[in-house]
Amino acid sequence: KHVKKIIRMDPPVTIITHPETGQEKNFTYDFSYDSFDSKAEGFASQETVWKDLGYIVLDNAWEGYNVTLFAYGQTGAGKSYSMTGGSDPASEGIMPRATREIFKRVSENKDPELTYKVEVSMLEVYMEKIHDLFDPKKGGSKGLKLRENPAIGVYVDGLEARLVNNYDEIANWMEIGISNRTKASTQMNADSSRAHTVLEVTLTQSRLKKGEKKAQVKVSKINLVDLAGSERLSKTGAKGKTMLEGQKINLSLTTLGRVINALASNSGAARKKILVPYRESKLTYLLKNSLGGNSKTIMIAAIAPSSVNYDETLGTLQYAARAKKIQNKAV
C-alpha cells in the first residue's frame with residue numbers, strides 16, 4: 001500500500017513526482033514512452049519503440065555510418081526486455097527485429113552491381129573481463145584484450161565474427177550468445193544480467209561497376225548494447241559473488257557516467273576540454289567509438305515507475321539528459 005506510481009508521460013516530456021513533497025521535475029527527450037499499462041491510452045508497445053528507433057538505426061547503417069543503440073537503467077527496469085524481448089512475437093525486442101529487417105532489406109536488393117555481406121559477433125563484459133559469447137572459453141580466465149587502431153578505433157583482439165547468410169542463422173547465433181550470458185537471481189530481478197552484452201553486426205556493401213576491377217566498399221558496424229543494471233546492494237539482497245558482481249557493474253556504470261559528463265561538457269561552449277576517462281573501465285573503453293567517436297548513437301533509458309525507486313529513477317533521467325548533450329561527429 002505504501003508504493004505509488006511517480007512517473008507520468010506527456011510525450012516527449014517525462015514527469016517525476018517526489019513521493020513525499022509532491023514536487024515535480026520535467027525532462028524532455030526525443031521520445032518518452034509509457035510501457036506501464038498495456039490497456040492505457042498511449043501505451044508504447046515493443047512495436048512502437050522499434051518503429052521510432054530501429055528504422056533510424058538501420059537507415060543510418062545503410063548510408064554507411066556506424067550506429068549504436070544502448071539501453072541503460074536500474075536493474076529490473078526493462079533494458080533486456082527492450083533489447084532482446086520476450087518469448088512471443090509481439091514482445092520481440094530490438095535485437096531480433098533489427099536482424100530480421102537487415103535480411104529483409106538484403107533480400108529485396110535488385111541491383112546486380114551491389115552485393116552484401118553480414119557478419120555477427122557477440123560479447124559480454126563480466127567482472128571487467130571480456131568474453132566471446134559464441135565461444136566463452138576463448139581468452140581463458142583473463143578474457144580477451146582490447147586494442148586500439150587509428151583507422152578503426154577500439155576493437156576486441158581475438159573476437160571472431162561469424163558470417164551469416166539469413167535470419168535463421170543469425171537468430172541461432174543470438175540464441176547461443178544469450179544462453180551463454182552470465183545471469184543471477186536477486187530480490188529485484190529473477191533473471192538479472194550480471195554482465196554488459198554487446199551484439200555487433202557488420203554490414204558490408206560492395207558495388208562493382210560493369211567493366212571495373214575494383215569495388216567501392218561501405219562498411220557499417222551496428223552495435224546493440226544491453227548494459228547490466230545499476231543496483232543498490234541493500235535492495236537486491238546480493239551476497240557473496242553476486243554482491244561482488246554488483247560492485248563491478250556499478251564501477252563500470254559510474255565510469256560511464258563520468259565519460260558522459262566529460263563528453264557533454266566538451267560538446268558545450270567551454271574552452272578548456274576535459275580529459276575523457278575511457279580507459280578506467282573495460283566497458284567505457286569498448287564503447288569509446290560509440291560514445292565520443294565515429295558513430296550515430298541512440299540511448300534508451302529504462303526507468304521503474306515505483307515510488308520506492310525515486311532516487312535511482314531520478315538519477316537515470318539526469319544521466320539521459322546529460323547524454324543528450326553529447327555531439328558525435330559521424331562520417
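**View 1. Confidence along the predicted protein chain.** In this predicted model, the protein chain has a mean pLDDT of 88, and 91% of its residues reach 70 or more.

**View 2. Residues 184-192.** Over this stretch, pLDDT stays under 50. The model has 28 contacts for residues 184-192 beyond four places in sequence. Where pLDDT is low, predicted coordinates should not be read in detail.

**View 3. The largest nonpolar core.** This core has 32 residues, and Leu69, Leu199, Val201, Ile222 and Leu224 are those with the most contacts inside it. Two or more residues come from each of α1 (46-62), β4, α3 (94-107), β5, α4 (167-179), β12, β13 and β14 (296-302). The most, seven residues, come from α1. A second, separate core has 31 residues, including Val156, Val198, Leu263 and Leu283.

**View 4. Surroundings of Leu199.** Leaving aside residues up to four places away in sequence, Leu199 touches Met95, Thr99, Val120, Ser121, Met122, Met174, Ile222, Asn223 and Leu224. Leu199 is also among the residues with the most contacts inside the largest nonpolar core.

**View 5. The second largest pocket.** The volume of this pocket is about 770 Å³. Its lining comprises 32 residues, with Ile152, Val154, Glu200, Lys221 and Asn289 nearest the centre. At least two lining residues come from each of β4 (67-73), β5 (114-126), β8 (153-157), β12 (196-207), β13 (216-226) and α8 (288-292). By class, the lining has 17 nonpolar, 13 polar and two charged residues.

Note on methods: Residues numbered from 1 in each chain as written. Predicted model: local features only at pLDDT ≥ 70, side-chain atom pairs only at ≥ 80, totals over all residues. Heavy atoms only, no water. 1 Å grid on protein atoms, 1.4 Å probe; cavity = no way out; pocket = protein on both sides within 12 Å on 5 of 7 lines; lining within 4 Å. Points joined across faces, edges and corners; volume = space filled by probe spheres on them. Helix = DSSP H or I, 4+ residues; strand = E, 2+ residues; numbered from the N terminus. Nonpolar A, V, L, I, M, F, W, Y, C, P; charged D, E, K, R; others polar. pLDDT = per-residue confidence, 0-100. Contact = heavy atoms within 4.5 Å. Core = buried A, V, L, I, M, F, W, Y, C linked by side-chain atoms within 4.5 Å. Buried < 20%, exposed > 50% of the residue type's maximum accessible area, 1.4 Å probe, protein only.
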